[in-house]
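Here's a walk through the structure shown below. Have it open beside you as you read, and follow along from one place to the next.

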Amino acid sequence: MGNLNIALGALLRHLGCDVVQGQKPNKRSLEMGVRYAPELVCLPFKVTLGDMFGALERGADTLLFIGGGDWSCRYGYYGRIQCSILRRLGYEFRSIFVGNKDIKFVASEILRMNSGSWTTAIKNWTRGFAVAWHKSKLVDEVESLARHFRPHEQNRGECARLSHKFLKRIDDEDRVLALRKMKKEIREEFCSIRRTGQPAPLRIMLVGESYCVIEPFVNFDIIEKLGELGVHAEPFLTAHRWLFYHAMRINEDRGFPRKEARALAQPVWQYNAGGEDQLSIAYTIRAAQQGFDGVIHLMPFSCMPETAALPVFERVCRLYNIPFLNISLDEHTGVAGVYTRIEAFLDVLSQRRARQDSVENVYPRSQRVAIQHP
Amino acid sequence: MAVGIPQALGYHYYNPLWTTFFRDLGIEVVMSGQTDRKKLDRGINIAPGETCLPLKCYLGHALALAGKTERILVPRLVCLRTKPAIRLGCPKMIGLPDMIRALIPDASIVTVNIDLRQQSEEASYAALARELGFPARRARQAYAHGVDVARARQNERIALARASVESNGRLKIGMLGHAYLLYDDFLNLGLLKKTRATGATVINCREIEAGDIDDGPGDIHPLSWYFENHVLSAARRFCTDERISGIVYLCSFGCGAASITAEVIESEIGRGHPVHMLKVVLDEHTGETGIATRIESFVDMLNLRREREL
Ligand code: SF4
Ligand code: SF4
């Protein structure tokens, strides 16, 4: 999922595993996933299943499944069903489920990999965790800088080149100190990109189902593409935040604490129904309050929590007067169709912007904001 | 005061409880009536395209009541069992009242929030009554009465179904699916009737004492969805009962839960016992004739197999 592999790979290597870097999700893995998954299951299931074929073919002998447990949407069953599909097809592998229920088992596995010594296990675990945390944070930094500067870059592709370069370096570097140092360098290089004098770009908030927002392969690289169109797209969730704040519940997002987010969304969406739907709604409201120009909602076709929440997204966006575009993705979705819709959406946004700018001259901004948010 | 009850989704699980509860409190109950073409079409019109058929149907029922009654009862089914493990509603049931508020802004709704992690079912109904201006004591009585009526009705159904399982002769087919499909003859396109018309006996999975999958021998992992677990354990019962020759599994297009349940039935329950299962996926375009032919050929197949075995 996104650049998650860098941090997780580091963690597992330190725990004493040989990590088979699955390739990024691609056409072939999608095809395999679609062929062997139940027909009506959601897209992330198919893509991740496809990835597992890839990993097994490259010689992985253990598959790690994250998630499971009590879940009100399908995510909780991914591992179990994917596992049985793969076994039925004759693949042989060991499976480890990392979920809240099986802590003991996971611990014993870790111990086994460290030749039975708890001291090494703990040492490796702490070190691995620290490295993973720093890598993940750096990756997040790179992604965020790229998002920020891409709409302004003079030579198209400059940010992509820089990101690529740094991501590779982060992946190769295993020393915490060096990783820390790299941060400054990354900042400087991004800041020195030659910029066009373009004024404030359109800002769009991306919300919806986590996998679709984070994985460029399924969302057709939407963040980068929008950036190249001169638009700043901000995802509500990044791989780093997903892994540490959501999956591990560590150091919850300081920028927008979960509690606050829940409270913001609760009047219109009382429970989190299964994915990150409540958080998504909270980010939608906040985007409106912060003066974003629009909201794009990405979800897999037939996703349970997101289809349920869809009318609520629409209601919120009407209420707060911010344009909203819903894109539902499945294996048949064509890139051309999606981008035609996005371009039409962008047209609406720039027209609004132009109109608002003329309003700006008449009313001071503070008043306008008060009108916008009942 | 009058409260409207949409006859869809949760209604089919809780049925006599709600009506008894309100009537005991002295509240007039207005039913939305059976599903028909008009209701369904109105629901489809306002529903997001990708949602499941039962939800679209629910919206149609709610629309039919909007404006007619002061309040509409829209349940929120979050957590329906806590022991031995947590069992949840599907995301659409968890978000139902919020969805109705967003899609039918002029409907004024009351909800009963069933979240057993927070409070008992009785307390939830007491809260509902309080919102309508009734004291907790009366609410508890009404609730207890409602539960009794519902249980009595359920026991009747179970006794009838047991008698038909034990009766001799005819081919018996187990019907799997959610109550809101099995008991809604319009939504299921008369599937149960059509099956009976072929001469087979239909055993409705809501009417056997299936219990929860947790209570079984523990060979199958449960699912976290309450209603899916029921389907699973019913499937296990059907498979292990020699008197039952085949299973029809009724589910709706766009139902996320069913895509998982079907897979588990086929791969985990089917492992020990070969399942003769016909899976029927319903959506608003499914034609009645197509269903009839599929049922007939399925029944023919089962009949042939039975003759060979005898
Ligand atoms: S959130 Fe949606 S896409 Fe993700 S597992 Fe649940 S149903 Fe599937
Ligand atoms: S369980 Fe399936 S059919 Fe029922 S409401 Fe949920 S998605 Fe719809």
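**Starting where the chains meet**

Let's begin with B:E263 and A:R88, whose side chains form a salt bridge at 2.9 Å, N to O. Here a salt bridge means a side-chain nitrogen of Lys or Arg within 4 Å of a carboxyl oxygen of Asp or Glu. By that rule, one salt bridge is found across the interface of chain A and chain B.

Before going further, a word on the ground rules. This is a predicted model, where local features need pLDDT of at least 70 and side-chain atom pairs count only at pLDDT 80 or more, while totals for chains, interfaces and linings use all residues. Residues are numbered from 1 along each chain as its sequence is written, chains are lettered from A and ligands numbered from 1 in the order in which they are written, and side-chain values use heavy atoms, with hydrogens and water left out.

Back to the interface. The rule also finds nine residue pairs in polar contact across it, both residues at pLDDT 80 or more. A polar contact is a pair of N or O atoms within 3.5 Å; within protein, one must be able to donate a hydrogen and the other to accept it, and residues adjacent in sequence count only if both atoms are side-chain atoms. On the side of chain A that touches chain B, α4 (78-88), β5 (294-300) and α14 (304-319) of chain A each supply at least two residues. Those labels come from DSSP runs numbered from the N terminus: helices are H or I with at least four residues, strands are E with at least two. The largest share of that side comes from α14(A), with nine residues. Sorted by kind, the residues on this side of chain A are 21 nonpolar, seven polar and six charged. In that sorting, Ala, Val, Leu, Ile, Met, Phe, Trp, Tyr, Cys and Pro count as nonpolar, Asp, Glu, Lys and Arg as charged, and the others, Gly among them, as polar.

Overall, 34 residues of chain A are in contact (heavy atoms within 4.5 Å) with 38 residues of chain B. The two chains bury about 3,000 Å² between them, 64% of it on carbon and sulfur atoms. That buried area is the accessible area (1.4 Å probe) that two parts lose on being put together, summed over both.

**Into chain A**

Chain A has 16 helices and six strands. Of its 374 residues, 53% count as buried, where buried means under 20% relative accessible area, exposed over 50%, and partly exposed in between (1.4 Å probe, protein chains only). Helix α4(A) is mostly covered, with eight of its 11 residues buried. Among them are A:Y78, A:R80 and A:Q82. After α4(A) comes A:G90, with a positive phi near 95°.

Now for the cores. A nonpolar core is a set of buried Ala, Val, Leu, Ile, Met, Phe, Trp, Tyr and Cys residues joined through side-chain atoms within 4.5 Å. The largest one has 198 residues, and A:I281, A:I296, B:F21, B:F22, B:Y125 and B:L176 are those with the most contacts inside it. Setting aside residues up to four places away in sequence, A:I281 touches several others, including A:W269, A:V312 and A:F313. There is also a second, separate core of 19 residues, which includes A:V142, A:L145, A:M182 and A:F190.

**Across to chain B**

Where does B:D98 sit? It is in helix α5 (residues 96-103) of chain B. B:D98 counts as buried because its relative accessible area is 2%. A polar contact of 3.2 Å joins its side chain to that of B:R76. Beyond its neighbours within four places in sequence, B:D98 is in contact with B:R76 and with residues of chain A, including A:V268 and A:V312.

B:K39 lies in helix α2 (residues 37-46) of chain B, and at 10% relative accessibility B:K39 is buried too. A polar atom of the B:K39 side chain lies 3.1 Å from the backbone oxygen of B:S32. B:K39 and B:A64 are 25 residues apart in sequence, yet 6.9 Å apart in space, C-alpha to C-alpha.

Last stop: B:V231, in helix α10 (residues 226-240) of chain B. Its relative accessible area is 1%, so B:V231 counts as buried. Leaving aside neighbours within four places in sequence, B:V231 is in contact with B:L176, B:G177, B:Y249, B:T261 and B:I265.
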